[in-house]
Amino acid sequence: MNSVLRIVLQRLGLGVVTLVVVSFVIFVAVNAMPGDFAQAILGQGYTEEAGEAIRREVGLDKPYFVRYFSWLGAALTGDFGTSFAKANFAAYAGNTAGSGLDTVAASIAPRLENTLFLAGVAAMIAVPISLVLGLLAALYRNTIFDRFTNIFTLSSISSPEFFLAYILILLLAVLNPLLPSLSNVFEGMPFSERFIKTLLPALTLTLVVTAHMMRMTRAAIINLLASPYIEMARLKGISPMRIIVVHALPNALAPIINVIALNLAYLITGVVVVEVVFVYPGIGQLFVDSVKIRDIPVVQASCLIFAAAYILLNLLADVLSILSNPRLRHPK
Amino acid sequence: MTNFSRRGLMKTGAAASVLAATGMPAQSQAKKGGTLRIGLAGANTSDTWDGRTHSDSFMINMGHGCVFDCLTEVGADGALKGELAESWEATADAKTWTFNLRKGVTFHNGKDFGADDVIESLQMHTAEGAKSAAKPIVASIAEMKKMSDSQVQFTLNAGNADFPFLMSDYHLLMMPAGMIEESIAKGIGTGLYTNVSFDPGVRFVGARYADHYKGDSAGFFDGIEAIAINDASARMNALMTNQVDVVNRVDFKTEALLRANPNINIFEVTGNQHFTFAMLTNVDPYTNVHVRQALKYSIDRQEMVDKILLGHGAVGNDHPIGPANQYYAADLEQLSYDPDKAKFHLEKAGMSSLDINLSASDAAFVGAVDAAQLYQATAKAAGININVVQEPADGYWSNVWLKKPWSAVYWSGRATEDWMFSTAYESGVPWNDTQWENARFQELLLAARAELDSNKRREQYHEMQQIMSAEGGTIVPMYANYVDAHSTKLANSGTIGNLWQLDSSRISERWWFA
């Protein structure tokens with residue numbers, strides 16, 4: 001078990017390094033975009049004088065690297081700073097009350113919660129469906145069912161997310177008004193209502209991630225079906241279903257867990273377009289709004305969350321695949 | 001009158017009298033109740049209740065249209081009426097204005113409204129460091145004096161006949177004195193709806209304030225729920241699937257689908273919002289008035305309205321005064337596409353052909369680049385070669401506008417002629433995007449500002465519009481309509497305000513569920 005612990009620690013350390021690199025890349029990228037916060041906020045009303053004043057207030061007047069390293073220093077101690085919008089408002093109204101914004105952490109927290117809820121609902125639907133479809137496709141491989149499942153899931157993963165979203169809205173909200181097309185969840189909403197409002201975006205995400213997981217399940221199992229021990233089981237007269245679920249699946253778990261973890265990460269990071277289409281107040285929408293006004297602290301914090309989700313879920317995938325594989329668990 | 005027929009007259013006459021007797025169905029009695037759900041574009045996570053920061057539709061609607069009030073209000077018919085002020089009067093030079101405030105008005109937290117609130121609410125716009133868009137309005141007030149609890153006297157730096165009109169500006173919200181910060185934080189105003197919850201860039205919920213001074217004359221909904229839907233398709237979907245009752249900024253691409261839906265009604269008004277191509281008249285060749293005139297005759301304005309606005313607009317006449325303005329010169333001769341006249345003016349300028357750059361970007365207005373290309377095509381016939389320079393959208397207002405000699409511009413228009421002219425066409429103002437200097441124009445501007453006789457002002461403003469149309473440095477091809485859509489469950493008085501979107505952004509006050 002010690003080796004696993006060592007791997008985890010090693011990977012966490014590397015993860016932190018990755019995050020620092022990511023933060024730098026994001027910082028450079030956001031700064032490379034034409035226009036800045038002052039220009040975005042002032043729009044047509046931009047004058048050099050007002051622009052300079054805003055830059056001074058939010059700290060954009062300082063040199064590039066000074067800004068990055070002071071941000072990094074604070075971020076390493078857990079302080080992600082204040083959003084430009086709030087810093088600007090405070091300079092303007094004399095206080096920060098009523099800006100509707102708090103520190104970056106406080107403005108992201110409720111949004112992240114919403115996004116995690118959406119990801120959770122989507123995962124609850126997508127993971128069982130893809131596993132079952134994958135098993136069935138392996139069981140009835142090369143039949144009409146297999147072909148149909150493949151074509152359906154592959155065409156849904158190949159379509160852009162907003163297209164899938166609009167198709168679902170058309171089918172489930174416009175032609176058959178079963179589900180609301182607007183997912184404006186808010187705090188204090190009863191759980192059942194919240195769940196129903198979340199269903200359409202969750203279904204869209206399900207369509208996007210199913211193919212990957214389902215194909216991996218199918219491939220991993222079919223791969224094993226050629227092994228001698230499966231042949232032995234078949235010769236014993238065990239039913240095909242039992243062979244797959246009891247004999248093949250446990251040995252196919254490692255790759256399947258891996259791909260599930262990757263897709264879970266996608267559910268958190270890939271929600272941007274879906275949240276905008278369904279007006280879901282999650283971190284993706286906040287991210288889009290912040291990029292629009294070049295609010296660098298919020299953009300950076302959001303990106304770090306996305307990157308951290310990928311790193312942690314990848315780590316989890318690796319740990320689980322080690323644990324599910326006795327050969328890796330007890331290395332010689 | 002060849003096809004005049006007595007029978008026809010009888011018919012229409014009879015129909016009219018029947019209508020008069022029964023009353024128009026659209027103008028049925030206002031009914032109370034229900035929660036109005038609005039899907040709004042123009043929301044930002046940086047939104048606050050601070051009126052100084054309001055600039056986009058969400059806060060214009062929820063600020064002065066729901067939670068807060070101004071001193072005066074422009075009615076749906078365009079006439080000015082009192083809101084928190086009951087009446088006002090001016091001295092003959094329009095320099096000193098006395099406002100009588102409504103008595104017995106309370107803020108949502110129970111505090112009484114009075115003269116101190118007015119003074120403090122206005123002062124915050126000129127406070128040190130405040131970047132209020134209404135700063136020029138308040139800065140024009142030399143002194144604010146409290147005469148009694150319900151009377152305030154303003155002494156202006158120079159006479160301004162439009163002063164009461166300016167007090168209806170959506171930035172100039174009345175907040176409780178001594179608790180401005182709290183008011184900004186919690187949304188405490190005197191409006192028809194109290195702030196129940198507000199999540200910037202996401203959602204606002206308001207409830208009808210029970211003892212409001214407007215009583216039964218406005219505010220028919222029990223509550224308001226405004227949902228920020230910046231994505232156009234999502235907004236249209238929300239209306240189509242009955243998630244909201246009304247949306248702003250109809251997406252022209254899906255307009256036909258909305259029209260096909262029997263439960264949805266599209267309503268549009270032509271206001272002051274206009275698009276322009278502004279030339280710097282102090283840069284060659286635009287210094288030559290004949291070049292400017294040649295350019296005026298080489299644009300097909302109707303084509304712009306048809307192809308860029310898809311019919312949702314009206315042709316412009318190269319001045320910035322719109323149909324929602326009081327002294328709009330509707331009878332002014334309409335400029336039209338005439339390549340021969342354009343050639344004539346070009347020759348007068350001593351040129352046989354002209355090569356110029358036109359800077360455009362969709363940041364100026366949606367379709368600006370396409371509009372510039374249409375212009376390019378029509379100008380060719382007059383021997384004018386327009387090179388369309390597509391500028392980056394980011395930083396357009398700081399790098400292109402006012403800097404490039406000829407660029408596409410967007411103006412939302414202003415409620416009064418003087419305000420519009422003095423924002424962008426007065427000699428020496430920072431936003432004079434055509435560097436417009438005209439002695440007669442400037443003289444009229446100053447004279448009309450202090451003129452209280454509205455007949456004289458009408459003449460003065462007409463002449464100014466005429467000067468701009470004939471010689472000015474800006475091409476105004478079109479006024480863009482405010483196009484919104486609502487569910488047929490909603491009803492209104494039949495008159496829709498055209499200052500801003502959604503019945504001058506006062507839909508929550510003026511509409512009701514049929």
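Here are some friendly notes on this predicted model, which we can walk through together.

1. **Two helices in chain A.** Let's begin with helix α9 (residues 191–225) and helix α11 (residues 240–269) of chain A. Two packed helices are described by the angle between their axes and by the distance between those axes. In this pair, the angle is about 150 degrees and the axes are 8 Å apart. Angles over 145 degrees count as roughly antiparallel, and α9(A) and α11(A) are therefore roughly antiparallel to each other. Their crossing is right-handed.

2. **What lies between those helices.** From α9(A), the residues that meet α11(A) include L205(A), V209(A), M213(A) and L224(A). On the α11(A) side, among them are I244(A), A248(A), V259(A) and L267(A). Which classes of residue make up this contact? There are 18 nonpolar and four polar residues, with no charged ones.

3. **Where chain A and chain B meet.** How many residues of each chain are in contact with the other? The answer is 36 residues of chain B and 40 residues of chain A. On the chain B side, α6, β8, α7 (232–240) and α13 (396–399) each supply at least two residues. Of these, α7(B) gives the most, with five residues. By class, the chain B side divides into 16 nonpolar, 12 polar and eight charged residues.

4. **The two domains of chain B.** The domain assignment of chain B gives domain 1 (69–190) and domain 2 (270–481). Taken over C-alpha atoms, the centres of these two domains are 33 Å apart. The domains do touch: 13 residues of domain 1 of chain B are in contact with 10 residues of domain 2 of chain B. The domain 1 side of that contact has seven nonpolar, four polar and two charged residues.

5. **A glycine to find in chain B.** G191(B) sits in the loop between α6 (180–186) and β8 (193–199) of chain B. Is G191(B) buried or exposed? A residue with 20 or more other C-beta atoms within 10 Å of its own counts as buried; G191(B) has 29 within that distance, so G191(B) is buried. Leaving out residues up to four places away in sequence, G191(B) touches C66(B), V67(B), F68(B) and D69(B).

Terms used
Residues numbered from 1 in each chain as written. Chains lettered and ligands numbered in written order. Predicted model: local features only at pLDDT ≥ 70, side-chain atom pairs only at ≥ 80, totals over all residues. Domains from an automatic or database assignment. Contact = placed C-beta atoms within 7 Å. Nonpolar A, V, L, I, M, F, W, Y, C, P; charged D, E, K, R; others polar. Helix = DSSP H or I, 4+ residues; strand = E, 2+ residues; numbered from the N terminus. Buried ≥ 20, exposed ≤ 12 C-beta atoms within 10 Å, placed from the backbone. Axes fitted to C-alpha atoms, helices over the stretch in contact; angles between N-to-C directions. Parallel < 35°, antiparallel > 145°, perpendicular 65-115°, else oblique. Left-handed = near helix turned anticlockwise from the far one by under 90°.
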